[in-house]
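Work through the exercises below with the model open. Each task is followed by a solution in steps.

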Amino acid sequence: CNGVLQRLVGGGQERCAFRCLFVGARQPLPPRWFGSYGLALVRRGIVIRQRVDSHGSATAIDAVGPGGAIPLSEGGDARSSGYAVDDVLLCLCPRRPLRAAIDAGAPSSAQIVELHAASLDRVERTAAARCRSTAVARVAVLLGALADTLSPPRRLSCIPAAIQQRDLAALLSMRHESVCRALSVLARRGVVERGDDGIHLMERARLDAA
């Protein structure tokens with residue numbers, strides 16, 4: 001886990017608390033994970049995280065790439081869910097050792113706080129994109145947010161092709177057709193360029209100003 005949460009990993013001296021589990025592309029995360037585990041770290045691939053209300057309606061709230069954390073605890077009237085965008089490898093930590101690491105204090109507890117803060121930042125930036133007044137602006141802001149947060153600490157210049165237009169639409173609560181039209185507008189402006197490997201961000205300053 002790249003040195004993160006060394007107490008839980010064990011540092012080669014103790015049993016690692018994490019379980020490494022695979023989820024195939026476009027498959028849901030097993031519901032039993034939510035509540036049984038406290039935290040998941042994405043080692044490979046991309047996960048779309050969702051919240052499901054009491055009526056069963058799912059809202060995409062977060063896109064999590066390698067190095068990102070997925071909180072798996074339940075809360076309030078909503079429950080958590082999610083799906084793999086592409087083939088995903090996750091490291092999951094059960095709630096009990098996670099709580100023990102927090103109770104033991106720094107450095108693990110500080111790292112857990114940082115992971116949750118990064119998760120909150122991703123969610124807030126997605127919400128900010130959703131609140132823009134036009135479809136073009138919503139798509140532009142979301143692309144910038146994904147570029148900055150999907151694979152920290154790198155700032156991506158291309159949104160991977162694994163993230164499809166329907167994923168962007170889900171994160172923005174928009175119709176797929178509206179996202180397609182917005183991307184076409186941005187492409188005509190020379191701000192983005194669509195290729196086989198994904199959406200290339202050609203002029204980031206203009207994208208942020210859209």
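Two strands count as paired if DSSP finds at least two bridges between them. The model used here is a predicted one.

**Exercise 1. How many bridges join strand 9 to strand 10, and in which direction do the two strands run?**

Step 1. Strand 10 covers residues 198–201, and four bridges join strand 9 to it. The requirement is at least two bridges, so strands 9 and 10 pair.

Step 2. The two strands run antiparallel. Within this pairing, E193 stands opposite H200 of strand 10.

**Exercise 2. At what angle do the axes of helix 5 and helix 6 cross, and which residues make the contact?**

Step 1. The axes of helix 5 (residues 135–149) and helix 6 (residues 165–172) come within 11 Å and cross at roughly 105 degrees.

Step 2. Angles of 65 to 115 degrees count as roughly perpendicular, so helix 5 is roughly perpendicular to helix 6.

Step 3. Helix 5 contributes R138, V139, L142, L143 and L146 to the contact, and helix 6 contributes L168, L171 and L172. By class, this contact has seven nonpolar, no polar and one charged residues.

Step 4. The buried residues in helix 6 include L168, L171 and L172, along with D167 and A169. S173 follows helix 6 and has a positive phi, near 55 degrees.

**Exercise 3. How many disulfides does a search of the whole structure find?**

Step 1. The search finds zero disulfides.

Step 2. C20 is in no disulfide, and its nearest cysteine sulfur, that of C91, is 3.3 Å away. The cut-off for a disulfide is sulfur atoms within 2.5 Å. C20 is partly exposed, at a relative accessible area of 43%.

Step 3. For C180, the closest cysteine sulfur is in C158, at 17 Å, which is too far for a bond. C180 is also partly exposed, with a relative accessible area of 28%.

How values were computed: Residues numbered from 1 in each chain as written. Predicted model: local features only at pLDDT ≥ 70, side-chain atom pairs only at ≥ 80, totals over all residues. Heavy atoms only, no water. Buried < 20%, exposed > 50% of the residue type's maximum accessible area, 1.4 Å probe, protein only. Axes fitted to C-alpha atoms, helices over the stretch in contact; angles between N-to-C directions. Parallel < 35°, antiparallel > 145°, perpendicular 65-115°, else oblique. Contact = heavy atoms within 4.5 Å. Nonpolar A, V, L, I, M, F, W, Y, C, P; charged D, E, K, R; others polar.
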